[in-house]
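Morning, everyone. I have one structure to go through today, so please look at it while I talk.

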Amino acid sequence: MKKARLREPRPLSFWLLAMVFVLFVLFMYGPMLVIFVLSFQGPEGGLTFPMRGLSLHWFRQLAEGLGVVDIGAALRRSLGLGLAVMACTVVLSVLAGLAFRKRLAGGNTLFFVVVASLIMPSIIVSLGIGLEFRLVDTAIKAVLGWLGLQETLEGFGTSLGLFTSALGAHLTWTLPFGLLIMFAVFNRFNPAYEEAARDLGATPWQGFAHVVLPLVAPSVVGIGMFGFTLSWDEIARTSQAIGDVNTLPLELQGLTSTVTTPSIYALGTLTTVVSFVVMGLTLALVWLLGRGRRARADR
Amino acid sequence: MSPPSTSHTAAVAAAPGRGIAAWWQAAPFTAVFVLFFLVPLGLILMVSFWDFNEYELLPGFTFKNYLSVFEGCGNTADLCTTLRTYLSTLKFSLLVWGITLVLGFAVAYFLAFHVRSPGMQTLLFVLCTIPFWTSNVIRMISWVPLLGRNGLVNQTLIDLHLIQTPIEWLLFSDFSVVLAFVHLYTMFMIVPIFNSMMRIDRSLLEAASDSGASGWQTLWNVIVPLSRTGIIIGSIFVITIVMGDFVTIGVMGGQQIASVGKIIQVQTSYLQFPLAAANAVILLAVVLMIIYGLTRLVDIRKEL
């Protein structure tokens, strides 16, 4: 039966759609490959083809800094924030995923809020968080003034920051993805293992740590990857909620209108490499976890 | 999609006292959405009725901000800035939605129904998702060497003697904005539509062709209705993103094209928070109406 189908000639629609697909892939990759190539231009190179020489000149330029922008500091900030977002996304999503498996009063409302956050135009969320922290600032200043703590009051800048408002803003974007992945995982999860653990006298914690967690570990790693990469590229939700310092994508957005050398392409190549390293590490980890599980199963 | 409510869940939930434990587990998660989503939205609504001066927000209740957003809109002869901006943003939304829908559907259809081996299917699907992991700004500026005045496209056309002078409208124009949107967000259409298509029972297609349906009839009467959920989810994603966008329109429009999101961003940079809040409330209302209309539209067709 299957063999007969394979020998069937492909219909015309197959060839047309295959062509659409190939063109689509070229459309997706073409421009990106162009800037990766252009970032390795010689010192004489410009923003467009033809290539003038081949060197790491623009990467060195990048390391020395672009104008007033400290790329290294922005990179470290983005990495720090990405890691914090990753950790929070993993822990909070797993906890919420577990909670949704039980009878959770108000669970539907919570789910609705999460979906609303996912489809809310980011500029609105960002504006709201920015406003919230500005109002908090006003309140803190009022309290400090009322307590007569003049020195503290003068030293106080703003509560807007990387690990306050920006972290919260990123979580409203990453947590919905985390929760949806947890739903997908637990919809396919067989609770018989858990029941078996319980019957053998495992405490709820032991059941979670030794049975549930190892089974869902690859997906949890995936949630971590989503958390990091979504945060690493995020602009719209951070824009009004970041305060005085900027993350890498925000700096990059600013640089698009001021920097006219291929060093901006070098920066693009660099951030892409980070994304792919994170993706590679994740896939390796998932593979290792899967292999460990298979090895145990074979024993 | 909805929360998992299988019999598994009921079995786990049976033990008494678990409802409370569940709430402790969900509490940190819930707190994030209360603190960083619900409260901010409430504050936007509240502040949109406040007054302001150059230095600070002045609590109160005034319609001034809304009036100033719609200033001059009573005039029928000439459209006011706000309406023009909304129309332009809507135009981008519709264009991008139409293109990503057709393109995303075609790609998803190819992957789901024409690629026969599951391994190949996964491989091609992953191939489509990889660019999604690159920074959006990088993907935008990667069009510059291609579309610029001295870019690859213009150079090629001149070398082929098809044009004498470079085409100016390729970059920093409506065209480049739409192109960048399609480049960035077609993935948001492909994933949900592909997901819906993979759930379609293949025997339904055989039944359709056995009953004498042509390819188009099968597509229109079987596959499209059964991919409905994916189409709606993808559409909602693309439309809400484009309606609220200010980054893509800013970078690809050469900071020359107005959009609702951009207005909000500019107003906050001048610390005109109540005005920005009023604009955000209106934007939210428009987006919600579109989403509502979209779900209505598709549901009605399902009943026909």
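First, the ground rules. This is a predicted model, in which local features need pLDDT of at least 70, side-chain atom pairs count only at pLDDT 80 or more, and totals for chains, interfaces and linings use all residues. Residues are numbered from 1 along each chain as its sequence is written, chains are lettered from A and ligands numbered from 1 in the order in which they are written, and side-chain values use heavy atoms, with hydrogens and water left out.

Now confidence. For the complex, the predictor reports an ipTM of 0.85 and a pTM of 0.85. Where in chain B is confidence lowest? That is helix 1 of chain B, residues 7–13, with a mean of 44, while helix 4 of chain B, residues 81–114, is highest at 92. Helices here are DSSP runs of H or I, at least four residues, and strands are runs of E, at least two, numbered from the N terminus.

On to chain A. It has 12 helices and zero strands. Its radius of gyration, taken over C-alpha atoms, is 25 Å, whereas a compact globule of 299 residues would have one near 19 Å. The globule rule is 2.2 Å times the number of residues to the power 0.38.

Next, a packing between chains. Helix 2 of chain A, residues 12–38, packs against helix 4 of chain B at about 120 degrees, with axes 9 Å apart. Axes are lines fitted to C-alpha atoms, for helices over the stretch in contact, and angles run from 0 to 180 degrees between N-to-C directions. The two helices are therefore oblique; angles under 35 degrees count as roughly parallel, over 145 as roughly antiparallel, 65 to 115 as roughly perpendicular and the rest as oblique.

Last, a packing within chain B. The axes of helix 9 (residues 174–198) and helix 12 (residues 228–244) of chain B come within 7 Å and cross at roughly 160 degrees. That makes helix 9 of chain B roughly antiparallel to helix 12 of chain B. The residues meeting there include B:Phe181 and B:Tyr185 from helix 9, and B:Phe237 and B:Val238 from helix 12.

Methods:
Contact = heavy atoms within 4.5 Å. pLDDT = per-residue confidence, 0-100.
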